[in-house]
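Subject: Handing over the two-chain model

Dear colleague,

Please find below the structure that I promised to pass on to you. My notes on what was found in it follow directly after it.

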Protein chains: 2
Amino acid sequence: MQEFTDTMTSAETIHQQLAFLMELDRLKSVIRQSPLANRSRRENSAEHSWHLAMFALVLSEHAERRVDAAHVVKLLLLHDIVEIDAGDSPIHASGTDKAALERAERAAAERIFGLLPPEQAERFLALWWEFEVGETPEARFAKALDRLQPLLVNTHAGGGTWTENGVTEAQVGERYGPAIRGGSSALWEAAAAQVRLHFSTVA
Amino acid sequence: MQEFTDTMTSAETIHQQLAFLMELDRLKSVIRQSPLANRSRRENSAEHSWHLAMFALVLSEHAERRVDAAHVVKLLLLHDIVEIDAGDSPIHASGTDKAALERAERAAAERIFGLLPPEQAERFLALWWEFEVGETPEARFAKALDRLQPLLVNTHAGGGTWTENGVTEAQVGERYGPAIRGGSSALWEAAAAQVRLHFSTVA
Ligand SMILES: [Ca+2]
């Protein structure tokens with residue numbers, strides 16, 4: 001009898017988990033401002049999340065404070081899922097209502113992670129919130145990578161969202177610097193060199 | 001002096017790592033046969049890899065043999081990178097030269113992971129090879145998820161690559177069953193139910 005109950009529970013668990021995973025497919029249709037490095041089109045949030053997870057696997061040794069790389073990977077895999085409901089919020093947008101956006105993202109997290117079995121839903125919500133708050137070494141490093149990746153894509157694509165939005169070298173420093181430096185001063189040094197090079201060639 | 005040497009080495013390390021990460025951007029342009037669940041377009045290998053990493057985070061409890069979920073995530077994040085040079089090899093293709101494909105993928109792994117600093121290149125090559133060989137519990141489970149995801153996408157998209165290629169219910173069992181069952185009999189049971197339902201509605 002116990003075995004029968006366990007089997008039923010496991011089938012129901014899998015059913016909820018697969019429904020969640022198929023809902024995630026929608027993140028592939030959330031389009032970001034950043035182009036691909038080859039400029040063929042704009043990037044979507046699912047492939048962006050994969051790219052960031054690779055950044056974490058490759059670059060964790062440079063984190064300002066020692067991090068668990070696998071935990072950084074988890075935070076980055078999950079961090080944009082709320083965009084399925086709340087959309088992407090571009091770095092260079094002005095006049096967005098921050099409080100309204102936060103409410104929309106919170107509601108999105110509760111709806112989407114809420115598709116999972118309750119205990120797993122709680123764990124995933126906590127990971128998403130850890131990234132948002134940005135206080136653990138892993139969250140700070142994850143946030144640094146989330147700024148570093150579009151910075152590099154923009155320099156490789158010859159300007160990208162900076163050219164489109166008329167963003168200056170000083171504004172790049174203000175909008176990317178604090179987050180990247182907060183996670184890794186070594187990576188900020190490398191990034192700043194690429195930014196200088198970019199603006200020296202377009203000037 | 002020692003400090004000076006370390007700094008030089010660290011900058012060079014970062015330079016190689018960022019070059020590798022920007023090369024990875026190309027995986028976003030490798031197009032697979034599988035559609036998105038909403039049928040709007042075909043999936044690319046970068047977003048597919050993100051989706052699979054989420055499958056691993058969500059479903060690891062169902063692995064036939066106990067797995068380190070973080071290790072499964074790593075294998076899946078890396079497993080398709082060779083496609084940047086070697087292209088995607090569809091499940092339902094016939095007449096592919098398996099030995100030639102393996103040589104191409106091996107060469108791709110050596111070139112692409114070889115962009116990294118030597119020690120890290122070795123580690124990543126070993127992870128890629130672990131997935132290919134498919135003998136560790138983590139690799140077997142990763143391979144199961146790599147078959148489960150397109151199966152679910154096909155059923156959600158109302159047929160997908162099965163309809164395009166005239167694939168029968170029996171052929172789905174042959175081409176997906178062994179890999180999925182090898183990683184998780186519980187997940188195969190759930191998948192097989194969806195396959196039966198799909199073919200009962202299209203018949
Ligand atoms: Ca694959």
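B:Glu169 touches B:Val195, B:Arg196 and B:Phe199, leaving aside residues up to four places away in sequence, where contact means heavy atoms within 4.5 Å. The residue is found in helix 9 of chain B, which covers residues 169-183; helices (H or I, at least four residues) and strands (E, at least two) are DSSP runs, numbered from the N terminus. With a relative accessible area of 36%, B:Glu169 is partly exposed, on a scale where buried means under 20% relative accessible area, exposed over 50% and partly exposed in between (1.4 Å probe, protein chains only). From B:Glu47 it is separated by 122 residues in sequence and by 27 Å in space, C-alpha to C-alpha.

Before going further, please bear in mind that this is a predicted model, in which local features need pLDDT of at least 70 and side-chain atom pairs count only at pLDDT 80 or more, while totals for chains, interfaces and linings use all residues. Residues are numbered from 1 along each chain as its sequence is written, chains are lettered from A and ligands numbered from 1 in the order in which they are written, and side-chain values use heavy atoms, with hydrogens and water left out.

Apart from residues up to four places away in sequence, B:His48 touches B:Arg32, B:Glu43, B:His79, B:Asp80, B:Asp146 and B:Gln149. With one of these, B:Asp146, it makes a side-chain to side-chain polar contact at 3.1 Å; a polar contact is a pair of N or O atoms within 3.5 Å, of which, within protein, one must be able to donate a hydrogen and the other to accept it, and residues adjacent in sequence count only if both atoms are side-chain atoms.

A:Arg111 forms one with A:Glu23, the closest N and O atoms being 2.7 Å apart. A:Arg111 lies in helix 5 of chain A (residues 98-113) and A:Glu23 in helix 1 of chain A, so the pair ties together parts that are 88 residues apart in sequence. A:Arg111 is partly exposed, at 34% relative accessible area, whereas A:Glu23 is buried, at 17%. A network of salt bridges links A:Glu23, A:Arg26, A:Asp85 and A:Arg111. In chain B, the side chains of B:Arg111 and B:Glu23 meet in a salt bridge at 2.7 Å, N to O. A:Asp25 and A:Lys28 are also joined by a salt bridge between their side chains (2.6 Å, N to O), and here A:Asp25 is buried with a relative accessible area of 4%, while A:Lys28 counts as buried at 1%.

Turning to the interface, 51 residues of chain A are in contact with 51 residues of chain B. The two chains bury about 4100 Å² between them, 74% of it on carbon and sulfur atoms, buried area being the accessible area (1.4 Å probe) that two parts lose on being put together, summed over both. In chain A, the residues that lose the most area to chain B are A:Met22, A:Lys28 and A:Trp50, together 19% of what that side buries. Across this interface the rule finds 2 salt bridges, and A:Glu43 forms a salt bridge with B:Lys28, with the closest N and O atoms 2.7 Å apart. Helix 2 of chain A gives the largest share of the side of chain A that touches chain B, 11 residues.

As for symmetry, a rotation of 180° with 0.0 Å of shift along its axis superposes chain A on chain B, with an RMSD of 0.0 Å, the superposition being by least squares on the C-alpha atoms of residues with pLDDT of at least 70 in both copies. The two copies are thus related as by a two-fold rotation axis. In chain A, the C-alpha nearest the axis is that of A:Glu47, 2.1 Å from it.

With best wishes

Note on methods
Salt bridge = Lys/Arg side-chain N within 4 Å of Asp/Glu carboxyl O.
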